[in-house]
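This report describes selected features of a predicted model.

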Amino acid sequence: MGFYHHYIFPRVLDLAMASPQLRRPRDRALAPAQGRILEIGFGTGRNLTHYPPHVRRIEAIDPDVDLDRLSLPRIAHASIEVDFHHLDAEHLPFEDERFDTVVSTFTLCSIPDVVHALAEVRRVLRPGGQFLFLEHGRAPDQGVARWQDRLNAAWMPLAGGCHLNRPVRELVTGAGLELGPVQQYYLKRTRASSAT
């Protein structure tokens, strides 16, 4: 946690998450959000303008205090009330079956114990609740996946612990979370696999 993580990485992350290519996928992923909503991995708050108009309040968590200088001004100016907590997703302090919707966008790649975090997501979701996610992960193309494996160790320290090659779909289903329709695709001008 040196100079790069404290001062440079938050800006790099925010710039990457502001990509115009992510606008429509974010809108699509968040459109079904309703009821009591928890967002894990709030990051710099880029999702706030993508929630549907009926969403008036969310709870949000992120353990990285270095992102506050970008996320807190967005919270202050948002039309959504945000109850924000510095917490990690592996240890949610909420009671069982509290939320109707749990949201995760570009977060599962960087959670150290993602299996435990997804078990926590399942625990806090009410029966019939929904886990909405937009993530990148291991590519279905084996040639691309091999490059993800080769680059992963060098990539992680530059990208806040992000794993290029996590098998997101398998992790989600392995946690006992139900998958509805999944769209898997490559973003234009990239070969990084994404799913919503």
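**Strand pairing**

Strand β2 and strand β3 (residues 81-85) run parallel and are joined by five bridges. Within this pairing, Glu59 has Asp83 in β3 as its bridge partner.

β2 also runs parallel to β1, to which three bridges join it. Ile40 stands opposite Ile61 of β2. Strand β2, spanning residues 57-61, is mostly covered, with four of its five residues buried.

**Nonpolar cores**

The largest nonpolar core comprises 23 residues, and Leu38, Val102, Leu118 and Phe131 have the most contacts inside it. Two or more residues each come from β1 (37-40), β4 (99-105), α4 (114-124), β5 (125-137) and α6 (168-174). Of these elements, α4 gives the most, with five residues.

Beyond its neighbours up to four places away in sequence, Leu38 touches Glu59, Ala60 and Ile61, as well as Leu92, Phe94, Phe99, Thr101, Val102, Val103 and Val124. Another core, of 15 residues, lies apart from the largest one; among its members are Ala33, Ile37, Leu48 and Val103.

Arg26 belongs to helix α2 (residues 23-30). Arg26 is buried but has no salt bridge. Its nearest side chain of opposite charge is that of Glu39, 6.3 Å away, and this lies outside the 4 Å limit for a salt bridge.

The side chain of Arg26 does make a polar contact of 2.5 Å with the side chain of Asn47. Leaving aside residues up to four places away in sequence, Arg26 touches Met17, Arg46, Asn47, His50, Thr105, Phe106 and Leu134.

Note on methods:
Residues numbered from 1 in each chain as written. Predicted model: local features only at pLDDT ≥ 70, side-chain atom pairs only at ≥ 80, totals over all residues. Heavy atoms only, no water. Buried < 20%, exposed > 50% of the residue type's maximum accessible area, 1.4 Å probe, protein only. Lys, Arg positive; Asp, Glu negative; His and termini not counted. Polar contact = N/O pair within 3.5 Å; in protein donor to acceptor, adjacent residues only side chain to side chain. Contact = heavy atoms within 4.5 Å. Core = buried A, V, L, I, M, F, W, Y, C linked by side-chain atoms within 4.5 Å. Pairing = 2+ DSSP bridges.
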